[in-house]
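Here is a short tour of a protein model for anyone who likes to see the criteria next to the values. Take a look at the sequence and the structure first, and then we can walk through the details together.

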Amino acid sequence: MGKQVRLDRGGPESRQGEIVAVGFDYVGIYNEKDGLIYYNTSHLKSMTVNTKDTMEYLLTAQPNATPLKIMEADNFIGLLKGMKNLWCQVNRGGHESVQGVLADANDDYITMVVNHELVTIFNFHIKSMSYGVKKENQEEKKEQKQEQKQDSNEKK
């Protein structure tokens, strides 16, 4: 607890942060950019302890924001159940990353509301889970840019 680590060595799931929660089959880290992230340890390949970095983080997702609550449970499934009705992000990157409201969680799968759709994700395939901060994905940004271009072309 309290150590600065990097979970996994690279790829979309790899993140650095301070260990803030540990359970039977999960570890939770915090960093300023991503907030709280809970990793299912069955998917972790490595953990590297940063012996130089002693920087302390405040558990806030953004400046002037309400501090995020560190969730703890006996296991990863318990964490998922505790995030019900919260804005969550499943997995950190790649095509398996999903953001939305966690509608339900049980021992086998979770159900999320994502852009007016119900998405079922099997727990075995959840590598990491975070909550509280909505992040714009690349597709939303591209759509916004295209709409802005169309608006400016129409004004001309």
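Through how many residues does a hairpin join strand 7 to strand 8? The hairpin between strand 7 and strand 8 runs through three residues. The model is a predicted one, in which local features need pLDDT of at least 70 and side-chain atom pairs count only at pLDDT 80 or more, while totals for chains, interfaces and linings use all residues. Residues are numbered from 1 along each chain as its sequence is written, and side-chain values use heavy atoms, with hydrogens and water left out.

**Overall make-up**

- The protein chain contains two helices and 10 strands, where helices (H or I, at least four residues) and strands (E, at least two) are DSSP runs numbered from the N terminus.
- Read from the N terminus, the order of elements is β-β-β-β-β-α-β-β-β-β-β-α.
- Of the 156 residues, 38% count as buried; buried means under 20% relative accessible area, exposed over 50%, and partly exposed in between (1.4 Å probe, protein chains only).
- Among contacts (heavy atoms within 4.5 Å) with a separation of 6 or more, 51% come from residues 24 or more positions apart.

- An open sheet is formed by 10 strands in the order 5-1-2-3-4-10-6-7-8-9, with antiparallel pairing; two strands pair if DSSP finds at least two bridges between them.
- Strand 5 (47-49) and strand 9 (117-122) stand at the edges with a single partner strand each, so one side of each has no neighbour in the sheet.
- On average, neighbouring strands of this sheet are turned by 40° against each other, direction ignored (axes are lines fitted to C-alpha atoms, for helices over the stretch in contact, and angles run from 0 to 180 degrees between N-to-C directions).
- Strand 10 pairs with strand 4 in the antiparallel sense over three bridges, and I37 stands opposite S130 there.
- Strand 10 also pairs with strand 6, antiparallel and over three bridges, with Q89 having S130 as its bridge partner.
- In a regular strand, side chains alternate between the two faces of the sheet.
- Strand 10 is covered on both faces: S128 and S130 on one side and M129 and Y131 on the other are all buried.
- Four bridges link strand 6 to strand 7 in an antiparallel arrangement; W87 stands opposite V101, and V90 stands opposite V98.
- Strand 7 and strand 8 likewise run antiparallel and are joined by four bridges, with A105 standing opposite I110.

**Nonpolar cores**

- The largest nonpolar core has 25 residues, and those with the most contacts inside it are Y38, I110, M112 and M129; such a core is a set of buried Ala, Val, Leu, Ile, Met, Phe, Trp, Tyr and Cys residues joined through side-chain atoms within 4.5 Å.
- Elements that each supply at least two residues of this core include strand 2 (15-22), strand 4 (35-40), helix 1 (76-82) and strand 8 (109-114).
- Helix 1 gives the most to this core, with four residues.
- Apart from this core lies another one of seven residues, among them V5, V27, I29 and I37.
- Leaving aside neighbours within four places in sequence, the contacts of M112 include C88, V90, V101, L118 and I121.

**Salt bridges**

- The whole structure holds four salt bridges, each a side-chain nitrogen of Lys or Arg within 4 Å of a carboxyl oxygen of Asp or Glu.
- R15 and D34 meet in one of them (2.9 Å, N to O); R15 lies in strand 2 and D34 in the loop between strand 3 and strand 4, so the pair ties together parts 19 residues apart in sequence.
- R92 forms a salt bridge with D34, the closest N and O atoms being 3.5 Å apart; R92 lies in the loop between strand 6 and strand 7, so this pair ties together parts 58 residues apart in sequence.
- Both R15 and D34 are buried, and R92 is buried too.
- D104 forms a salt bridge with K84, with the closest N and O atoms 3.9 Å apart; D104 lies in strand 7 and K84 in the loop between helix 1 and strand 6, so the pair ties together parts 20 residues apart in sequence.
- Salt bridges that share partners join R15, D34 and R92 into one network.
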